[in-house]
Each structure stands twice: as C-alpha cells, then as structure tokens.
Amino acid sequence: MNNSPIHSEQAATDGLRSRPLHRQGLYDDPKLEEVYRRRVDRLGMRPPSKFSRRLQVINYALMFGVGSYMVLYQDYGERRHCFTGLRKWYFGKVDRLWSLSTEEEKELRERGQIK
C-alpha cells in the first residue's frame, strides 16, 4: 500500500468534494443538507413560469418572422442564390392570389364592375 502524504491528501480532498456544503460549514446537520439538496433538485423539475412561456412564444414568433424576411425579402443583389427558387415560387403564388385570371376579369367586365 502506498501511504505517501500525497495519496492520503488526495483521498482527503476527494472526500471533501463529495460534501461541498459540509466543507463550507453551511450545514453541520446531514439531515438539513439532504433537505437542501432535495429542494435544489426539485427546482429543475418545475414547469416554466407563465412569463417564461410567453417570452418563449414571442421569441419563436420573432425568429420565424425575421427568418421569413431574410429568405423572402432581403436584397441579395441580382445574382442567383440559394433562395432564388423559393422566392420565384412564393412570389408566383402571391401574384396569382392578388391578380385576376382572364376568366375572372372577363366576368367582371360583363357585370360592369371593371372598365
């Protein structure tokens, strides 16, 4: 067996590391230390607060909005880039949504709603 002072000192410090609250003198009673540890461990099991949850929802909405803006509306110049295909598809859908087809336009002209 090795009874060198370094070995016994390391074993002593390992024993102190396992009980940091006792080493600091915060709790002399092991029961109080156990109660404290249970309370601290239970803090991680709580559901998030209402404020925290609302903040998380707002954060996700902002991330979605900023990401959508960056992909669809940010000016990347005239060259092709990785979002070019998605932009063509999106703006094609938007144009079809806000414009009239020839049949719809003809029908509205017959009704007199368009000149």
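## Burial and surface

Of the 115 residues in the protein chain, buried ones make up 6%. Buried means under 20% relative accessible area, exposed means over 50%, and partly exposed lies in between (1.4 Å probe, protein chains only). The protein chain exposes about 10,900 Å², and carbon and sulfur atoms supply 58% of that area. Accessible areas come from the Shrake-Rupley method with a 1.4 Å probe; for residues, only the protein chains shown count as cover.

## Model and confidence

This is a predicted model: local features need pLDDT of at least 70, side-chain atom pairs count only at pLDDT 80 or more, and totals for chains, interfaces and linings use all residues. Residues are numbered from 1 along each chain as its sequence is written, and side-chain values use heavy atoms, with hydrogens and water left out.

Mean pLDDT (the predictor's confidence in each residue, from 0 to 100) is 81 for the protein chain. Of its residues, 77% reach 70 or more. Confidence is lowest in helix 1 (residues 5–17), at a mean of 52. Helix 4 has the highest, at 96. Where pLDDT is low, the predicted coordinates should not be read in detail.

## Fold

The protein chain has six helices and zero strands. Its pattern along the sequence is α-α-α-α-α-α. Helices (H or I, at least four residues) and strands (E, at least two) are DSSP runs, numbered from the N terminus. Among contacts with a separation of 6 or more, residues 24 or more positions apart account for 0%. Contact means heavy atoms within 4.5 Å.

## Helix 4 against helix 5

The axes of helix 4 (residues 50–72) and helix 5 (residues 84–98) come within 9 Å and cross at roughly 100°. Axes are lines fitted to C-alpha atoms, for helices over the stretch in contact, and angles run from 0 to 180 degrees between N-to-C directions. The two helices are therefore roughly perpendicular to each other, a class that covers 65 to 115 degrees (under 35 is roughly parallel, over 145 roughly antiparallel, the rest oblique).

Met70, Val71 and Leu72 in helix 4 meet Leu86, Arg87, Tyr90 and Phe91 in helix 5. The residues of this contact divide into six nonpolar, no polar and one charged.

## The loop at Tyr76

Tyr76 sits in the loop between helix 4 and helix 5. At 33% relative accessibility, Tyr76 counts as partly exposed. Leaving aside residues up to four places away in sequence, Tyr76 touches Met70, His81, Phe83 and Arg87.

## Helix 6

Helix 6 (residues 102–111) has 10 residues, and the number buried is one, so this helix lies largely in the open. Gly112 follows helix 6, with a positive phi near 85°.

Methods
Nonpolar A, V, L, I, M, F, W, Y, C, P; charged D, E, K, R; others polar.
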